[in-house]
Amino acid sequence: MISVEPYWRNFIDGRWVDGGSGRLSVEDPATGEPLAEQAIADAADVDRAVSAARACHDSGTLTQMRPCDRGRKVRRMGDFLLENLEEIASLLTLEAGKPLWESRIEVEGAARYFEYYGNQAETLEGRSIPLGAGYLDFTVYEPFGVCAQIIPWNYPLEMAARSIAPALATGNACVVKTPELDPLSSAWLARAAEAVELPAGAVNVICGLGGEAGAALSRHPGVDQIVFTGSVETGSRIATEAARNVVPCVLELGGKSAALVWPDADLDRFMDSVRWGILFNSGQVCSAMSRAIVHHSIHDEIVERAADLARSISVGPGIERDTFGPNMGAMISRGQRERAEGLCARAESDGARAVTGGRPLNRPGWFLEPTILEGVAPDSEIAQTEVFGPVLSVIPFRDDAEALAISNGTPYGLVGGVFTSDVERAMSAAKRIRAGQIFVNEWYAGGVETPFGGYGKSGYGREKGREALLNYVQTKNVAIALSSGA
């Protein structure tokens, strides 16, 4: 096990600094014991970070750099993470609870964002617009300036990289507010910025409480754009504050995503998607497969196979699970585990049956058994509420119309899945499912290159892919009247 530094500072204007609100204790979810202390930023620290980012942007250091040179620095940030992969992954496992092999995947995923957007830096081009004789008209893309990024705790490193990389690639300066529950590994993003010699103020990384630092950042008049991933309630507050300053937002607010499974589906392939869709990261994934809407003729088989899969998962400390396989770590905190446990208990009171799981492990740490529920009513709390835990509800349907009605019967619309060997049915369902991304025959098909974002209360804007670059720029039009008129 790595030796964890006892105290971690914030990174503002190229310097490591203490926080105005003191320190907080970061727990190891596998034990519930303190792991380290983190400096906590107050509103004054937020102001200093925004001012540093503003000064960096106004200096032109980033914007005047050739895009290919800026892109190289962004790519090298990813290389730096890979060079320190084992140390970062071990720290991430200790503070977030996930298995060590999952943490390695997250570090690699973060590096991939820097690689992808570093390569995109020189490809964002304007266009010429024909206006007839006597005019030359063209568009250019310009960065907003100061980008505020409020990061969730489920993927603290990867989600930050998802925002930082395109922001820097397009010439913005960043203020990143890390999550309070697992902020330590985010320091490596600041170290990466140092290592590639980005100008001071280009990347500022602070940890602060949502009600103080998060609120101060979302309403700061010096912020030009906000990217947030988290709950609907918090996202609504952030959007309200941003609207007062007429600042655009990208909001990714979670989901209650469903996989629709027909009898002609490859069920072995579907069970592999269940493994990844709801048991990866202990189900603490915004795009998790939290509902399996299955044809009534295969309902019992799916329930039995899903329960067998859940029972096969070894649950315990992530640091002891360094090899890819059927294992799962702790949930992030006592509060999150108790919330998931409570939702399962109320579901059983409402008539659902826990085929397996639904209970905490009898050991220290914040562990919950992988859970499979049947007899779930489509309009029940468990079917409508994002659990954010390893809990799958299996719901039967009789025809396509009913399947689609159940799938679309929540206020969310982040992702959806279709499992069938009938291409026509798959395409028809994909068109009618109200969600921003549809997986056909493989949950999480796609990658960094594919756009991601939601409908309804799952938020707005798109991250990942080239579409994300447009979140970080404004379009300027230049119209020139030629003196010759020809």
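I take a cavity as a set of points, on a 1 Å grid over the protein atoms alone, where a 1.4 Å probe fits but cannot get out. Its volume is the space filled by probe spheres set on the points, with grid points joined across faces, edges and corners.

**Ground rules.** This is a predicted model, where local features need pLDDT of at least 70, side-chain atom pairs count only at pLDDT 80 or more, and totals for chains, interfaces and linings use all residues. Residues are numbered from 1 along each chain as its sequence is written, and side-chain values use heavy atoms, without hydrogens or water.

**Cavities.** I found four cavities of 30 Å³ or more. The largest cavity has a volume of about 100 Å³. It is lined by 15 residues (an atom within 4 Å of a point). Closest to its centre are Ser-407, Tyr-412, Gly-413, Val-415 and Arg-434.

**Helix H1.** Just after H1, Gly-60 has a positive phi of about 80°.

**Positive phi.** Most residues other than glycine have a negative phi. I noted Asn-281 at about 55° and Lys-464 at about 70°. Asn-281 is buried at 3% relative accessibility. Lys-464 is buried too, at 13%.

Notes: Helices (H or I, at least four residues) and strands (E, at least two) are DSSP runs, numbered from the N terminus. On a 1 Å grid over the protein atoms alone, a cavity is a set of points where a 1.4 Å probe fits but cannot get out, and a pocket is an open set with protein on both sides within 12 Å along at least five of seven lines; lining residues have an atom within 4 Å of a point. Buried means under 20% relative accessible area, exposed over 50%, partly exposed in between (1.4 Å probe, protein chains only).
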